Amino acid sequence: MSDLKKPSGAEDEYFAREEIKRKEQAKIKLSHQEREKLKQLHWMRCPKCGHTMGEIAFRDMLVDRCTECKGVFFDAPELEHFAGRLGNVLTALQGLFKE
């Protein structure tokens, strides 16, 4: 005869939770790999036309500008920086859109 006991309900729940955690971690890892692949494909590409982006100096920061359509794009910290330090952001940004 065997000394093995039938698993209790608590044990079954524990292993079920552990299996769910394992699957979730595998999903997160896969999502991270997919994000890295997308980042490599789209890094410094214009979201509007897909051409390359370059950095231009504006005040005391570098901002991204498309070499083709001349669109100007701000990362969240850049926009917060300008909004916080400049009284009238629109007037200050107007110079970026002139050729």
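## The sheet and its hairpin

Ala-57 has Leu-62 of strand 2 as its bridge partner. Another bridge to strand 2 links Ile-56 with Val-63. Strand 1, covering residues 53-58, and strand 2, covering residues 61-66, run antiparallel and are joined by six bridges. Strands are DSSP runs of E with at least two residues, numbered from the N terminus, and two of them pair if DSSP finds at least two bridges between them. Strands of a sheet pair through backbone hydrogen bonds, either parallel or antiparallel.

The hairpin of strand 1 and strand 2 has two residues between the strands, and in this hairpin Arg-59 takes a positive phi near 55 degrees. The open sheet contains three strands in the order 1-2-3, with antiparallel pairing. Its edge strands are strand 1 and strand 3 (72-73), each of which pairs on one side only.

## Basis of the description

The model is predicted, so local features need pLDDT of at least 70 and side-chain atom pairs count only at pLDDT 80 or more, while totals for chains, interfaces and linings use all residues. Residues are numbered from 1 along each chain as its sequence is written, and side-chain values use heavy atoms, with hydrogens and water left out.

## Aromatic residues

Rings of Phe, Tyr and Trp (its six-membered ring) pair if their centres lie within 6.5 Å; planes under 30 degrees apart count as stacked, over 60 as edge-to-face and the rest as tilted. The count by this rule is one aromatic pair. Tyr-14 and Phe-15 form this edge-to-face pair, with 5.1 Å from centre to centre and 75 degrees between the planes.

Buried means under 20% relative accessible area, exposed over 50%, and partly exposed in between (1.4 Å probe, protein chains only). Tyr-14 counts as partly exposed because its relative accessibility is 39%. Phe-15, with a relative accessible area of 54%, is exposed.

## Cysteines

A disulfide is a covalent bond between the sulfur atoms of two cysteines. Here the term is applied to a pair of cysteine sulfur atoms within 2.5 Å, and the count by this rule is zero disulfides. For Cys-46, the closest cysteine sulfur is in Cys-69, at 3.8 Å, which is too far for a bond. Cys-66 is also in no disulfide, as the nearest cysteine sulfur, that of Cys-49, is 3.5 Å away.

Cys-46 is buried, with a relative accessible area of 4%. Cys-66 likewise counts as buried, at 1% relative accessibility.

Technical notes: Helix = DSSP H or I, 4+ residues; strand = E, 2+ residues; numbered from the N terminus.
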